[in-house]
Amino acid sequence: MRPSNMKNHNGIPIAMKKDIRISLVHDYAFSSKGRMPPLGLMYLSASLKQNGFRNIRILDLQLYRKPRKSLIEYLNSLDHQAPQLIGFYMNTPTRFVVQQAIQITKKLHPRALVCAGGPHPTLDREATLSSCEGLDFVVAGEGERTFLESVQRLSENFQVESLKGVAGTSLKIEDQIIHQDLRPRIRDLDDIPFPDRDAVDIHGYRFEFPVVDQDLQKTLKPTTLISSRGCPYSCVFCSVADQWGRMTTYHSPPRVIEEIKILKEQYGFNAFYFFDDTFTLDRNRVLDICDRMLKAHLGIHWFCEIRANTVDQELLSTMYRAGLRSVAIGVESGNPRILNQVIKKGITLDEATRAINICKKIGIYVKAFFTFSYPGETLDDVRMTLHYIDTVRPDTFTMTKLIIYPGTPLYRHAVDDNILAKEFDWFRYYSSYNSASNELVMPIFIDRLSFKDFLAIEKEVSRLSIGMRKRRTPFQLLKILGRNIKKTKSGKDLIIVLKRIGNYLISLLLRQK
Ligand code: B12
Ligand code: SF4
């Protein structure tokens with residue numbers, strides 16, 4: 001039999017090399033920051049195209065008003081006779097919507113092969129495969145090489161069995177789950193091509209890019225990129241170590257500049273959001289990138305996340321000259337004991353204060369992240385954080401409840417201390433104290449604080465945040481309200497927005513008092 005006439009066990013013709021049709025789906029995820037391009041899927045698409053695969057489409061459901069309906073329409077438009085490989089990005093907050101999408105996909109395309117990758121499948125391979133009906137395999141960790149090898153194998157023989165021996169995959173074959181070795185990291189990120197920005201509507205994304213200068217703000221056309229992957233630190237709530245391993249890998253400075261030039265000259269972007277886990281990890285590399293930005297007269301503005309112990313006046317000033325106008329900094333707690341003994345953040349409060357003050361002095365917009373309800377944290381400890389925020393006054397801050405993610409030291413602590421039941425399962429709904437928001441699907445670390453304490457803290461956080469924000473006219477408030485309601489796509493989103501408005505109004509009342 002000639003290869004083109006051969007069929008797999010599902011009756012699908014076994015594909016001729018490069019004949020396979022590939023869809024990569026980013027599901028809808030509510031985010032108050034706006035919608036951002038799915039860089040991971042765009043990297044995958046680029047690697048496949050570089051290796052001769054042409055039938056690749058990215059469906060980004062973030063950009064559709066009715067994501068479920070759009071997914072179904074998309075699936076119905078696919079050729080049922082061709083070998084279809086449909087891959088989903090899945091993180092922990094979106095695991096349930098993706099689980100549902102996988103089920104719909106398999107129902108409409110029973111002969112397709114369905115896979116998933118991203119943080120959740122990487123950190124929870126067994127449960128992802130066993131709980132997602134219709135899922136054939138998962139890719140753990142970096143996808144470029146693993147997915148390429150999978151697609152190459154499937155092009156020769158379109159059945160999941162052909163993936164036996166592909167490092168980085170876990171397979172479900174007739175209800176049996178097979179985990180294979182993990183794949184070593186890509187050491188030199190320059191070996192992989194630029195993300196495939198033509199595979200999405202790259203100009204269709206809108207997201208926050210706050211800067212101090214409001215006139216500058218109006219001129220910014222922002223997009224995103226990544227110059228490194230990984231982080232050597234091990235903050236208790238973060239899964240980066242389990243997701244990427246401890247190694248940090250880089251694109252070289254010339255390559256970073258080349259990517260920016262392409263984004264500017266070919267796509268018209270002039271503001272860049274670096275999504276590195278810790279952009280400022282290697283000081284010399286940052287200085288090299290800044291130097292190249294300046295020499296190339298790029299005339300751009302950019303954002304990155306900084307770590308308090310890796311920045312100083314000289315570095316931040318150079319970054320400012322090269323166009324840095326906005327940073328985010330994780331301070332996490334204003335209590336030194338919690339910060340270092342519990343979170344293991346590896347920074348001091350003095351370092352955080354210094355970094356924030358330098359940014360404010362130079363004119364870099366600074367957003368600081370804080371969290372509360374750490375193991376052993378009392379109401380007095382939390383009040384120290386509120387006091388700290390009130391003293392250092394970053395341009396803006398978030399202070400949220402501590403959420404437990406898989407693959408984190410906090411998760412292991414939560415299981416050991418019965419904060420999470422021993423039989424806790426990421427794919428079973430978990431109801432915590434507030435069923436009106438995301439907490440329905442995300443477990444919170446509830447330890448020393450009571451429900452009443454949580455409410456009191458949230459009220460104080462709103463009051464502090466309002467006190468630090470500029471006062472707005474009723475017209476401005478109505479505009480913000482309209483914009484937020486427009487962003488919502490489900491009843492649940494609307495409840496989240498209404499809850500925020502409620503908190504805002506309460507805090508306004510409190511401020512009047
Ligand atoms: C950018 C980003 C965002 C953007 C989203 C942009 C977007 N549209 O993707 C914004 C700011 C909106 C955001 C929001 C949030 N984020 Co976020 N975010 C990131 C960040 C910094 C970079 C993502 C990225 O581009 N990575 C680079 C690419 C190359 O990696 P990747 O996406 O994982 O893709 C690779 C592999 O995973 C794999 N792969 C991925 N998908 C697929 C699919 C298939 C089929 C295959 C085969 C392979 C594959 O191949 C890719 C290429 O190697 C990551 C940290 C990180 N380093 O990944 C956190 C991260 C993903 N975010 C995280 C979190 C917790 C959040 C928030 C909850 C934060 C908050 N408190 O609001 C929200 C949740 C929003 C939501 N509802 O989903 C966690 C997720 C942890 C988890 N277990 O899910 C991460 C890992 C940070 C961390 N270290 O904890 N985030
Ligand atoms: S510094 Fe940031 S990326 Fe690194 S472990 Fe801590 S939270 Fe995660």
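What you see is a predicted model, in which local features need pLDDT of at least 70 and side-chain atom pairs count only at pLDDT 80 or more, while totals for chains, interfaces and linings use all residues. Residues are numbered from 1 along each chain as its sequence is written, and chains are lettered from A and ligands numbered from 1 in the order in which they are written.

The chain has 18 helices and 15 strands, where helices (H or I, at least four residues) and strands (E, at least two) are DSSP runs numbered from the N terminus. Of its 513 residues, 38% count as buried, meaning that 20 or more other C-beta atoms, placed from the backbone, lie within 10 Å of the residue's own, whereas exposed means 12 or fewer and partly exposed lies in between.

Let us turn to the ligands, for which a residue is near if its C-beta atom, placed from the backbone, lies within 6 Å. Around ligand 1 there are 40 residues, and the closest are Gly 40, Gly 87, Asn 91, Gly 117 and Gly 143. By class this shell holds 24 nonpolar, 12 polar and 4 charged residues, and its largest share, 5 residues, is supplied by α1.

My last stop is helix α13, which runs over residues 349-362 and reaches 20 Å from its first C-alpha to its last, close to the 20 Å expected, that is, 1.5 Å times one less than its number of residues. Ala 352, Ala 355, Ile 356 and Cys 359 are buried in α13, and they line one face of the helix, because seen down its axis they fall within an arc of 95°, taken from the directions from the axis to the C-beta atoms. The face turned away from that buried side carries the exposed residues Asp 350 and Lys 361. After α13 comes Gly 363, with a positive phi near 105°.

Terms used:
Nonpolar A, V, L, I, M, F, W, Y, C, P; charged D, E, K, R; others polar.
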